[in-house]
Amino acid sequence: MKRIVLFGDSIMAGFHDGMVSSELTNRIRHAFPADKIINVSVAGYKTSNGVAVIKKVTKLKPDICVIGLGANDISTTDEVKPGKFAANLTYILEEIGCKKSILISPPYTDWHRNPTRPWTRQLQFELVTEHLGKELNVPYIDLLHKMAAQANVNDLLQHDGLHFSSQGYDLLEEALVPMIQDAVTKQNALVSN
């Protein structure tokens with residue numbers, strides 16, 4: 001049995017209709033019924049919050065940790081600089097262990113409804129996460145571009161233009177489950193050798 005930890009902001013926490021839900025947790029549980037799924041995501045978290053609580057995450061001793069932070073870091077309200085975002089994410093990845101991590105880019109946000117999350121910052125922060133994934137050899141999901149490539153991208157979002165609809169979670173699940181499966185397979189291969 002693997003311990004799979006989901007660690008992020010409101011997107012990872014399954015925020016739906018104004019409250020945290022088990023939408024994403026249940027999908028991952030369904031895909032990995034023999035494993036323990038622990039979701040420690042908190043609505044409103046930025047990477048700085050992640051740095052502050054990382055010891056609580058490492059105490060869970062995850063075999064795999066899915067890191068989905070950035071939806072709040074991209075906001076121009078209480079602005080986080082890309083360099084600080086990179087430093088925070090690097091610290092989080094190194095504390096958890098790069099071989100145990102899966103990194104997800106910040107998601108697409110409808111900047112017409114959320115002007116504090118402009119497209120330019122979405123692109124900039126996606127590039128930071130992509131670079132870190134390559135530099136630290138961490139499996140990476142470019143969620144921003146997967147979402148932006150959809151014909152009806154705003155169908156993936158709730159009315160607030162930020163949080164995911166069921167279709168948004170369909171897309172995230174479709175991208176995430178094979179990555180987790182691959183990580184489980186690699187870890188099992190290491191144990192058996």
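1. Let's start with a word you will need: a residue is called buried when its relative accessible area is under 20%, exposed when that area is over 50%, and partly exposed in between, using a 1.4 Å probe and protein chains only. By that rule Cys65 is buried, because its relative accessible area is 0%.

2. A note on what you are looking at: this is a predicted model, in which local features need pLDDT of at least 70, side-chain atom pairs count only at pLDDT 80 or more, and totals for chains, interfaces and linings use all residues. Residues are numbered from 1 along each chain as its sequence is written, and side-chain values use heavy atoms, with hydrogens and water left out.

3. Next, the sheet. Strands (E, at least two residues) and helices (H or I, at least four) are DSSP runs numbered from the N terminus, and two strands pair if DSSP finds at least two bridges between them. Here 5 strands form an open sheet with parallel pairing, in the order β2-β1-β3-β4-β5. Its edge strands, β2 (36-39) and β5 (140-141), each pair on one side only.

4. Have a look at β1 (residues 3-8). How enclosed is this strand by the rest of the structure? It is largely enclosed, because 5 of its 6 residues are buried.

5. Now move to β4 (residues 101-104), which runs parallel to β5 and is joined to it by 2 bridges. Leu103 stands opposite Tyr140 in β5.

6. What about the cysteines? A disulfide is a pair of cysteine sulfur atoms within 2.5 Å, and the structure holds 0 of them. Cys65 is in no disulfide, and the nearest cysteine sulfur, that of Cys98, is 11 Å away.

7. Arg27 sits in helix α2 (residues 23-31). This arginine is buried, with a relative accessible area of 14%. Its side chain reaches the backbone oxygen of Ser166 at 3.4 Å.

8. On a 1 Å grid over the protein atoms alone, a cavity is a set of points where a 1.4 Å probe fits but cannot get out, while a pocket is an open set with protein on both sides within 12 Å along at least five of seven lines; lining residues have an atom within 4 Å of a point. Grid points are joined across faces, edges and corners, and a volume is the space filled by probe spheres set on the points. The whole structure has 1 cavity of 30 Å³ or more, and the largest cavity has a volume of about 60 Å³. Its lining has 13 residues, with Ile11, Gly68, Ile104, Ser105 and Pro107 nearest the centre.

9. The largest pocket has a volume of about 390 Å³. Among its 16 lining residues, Cys98, Lys99, Lys100, Lys186 and Gln187 are closest to the centre. Helix α7 (residues 166-192) gives the largest share of this lining, 6 residues.

Conventions: Polar contact = N/O pair within 3.5 Å; in protein donor to acceptor, adjacent residues only side chain to side chain.
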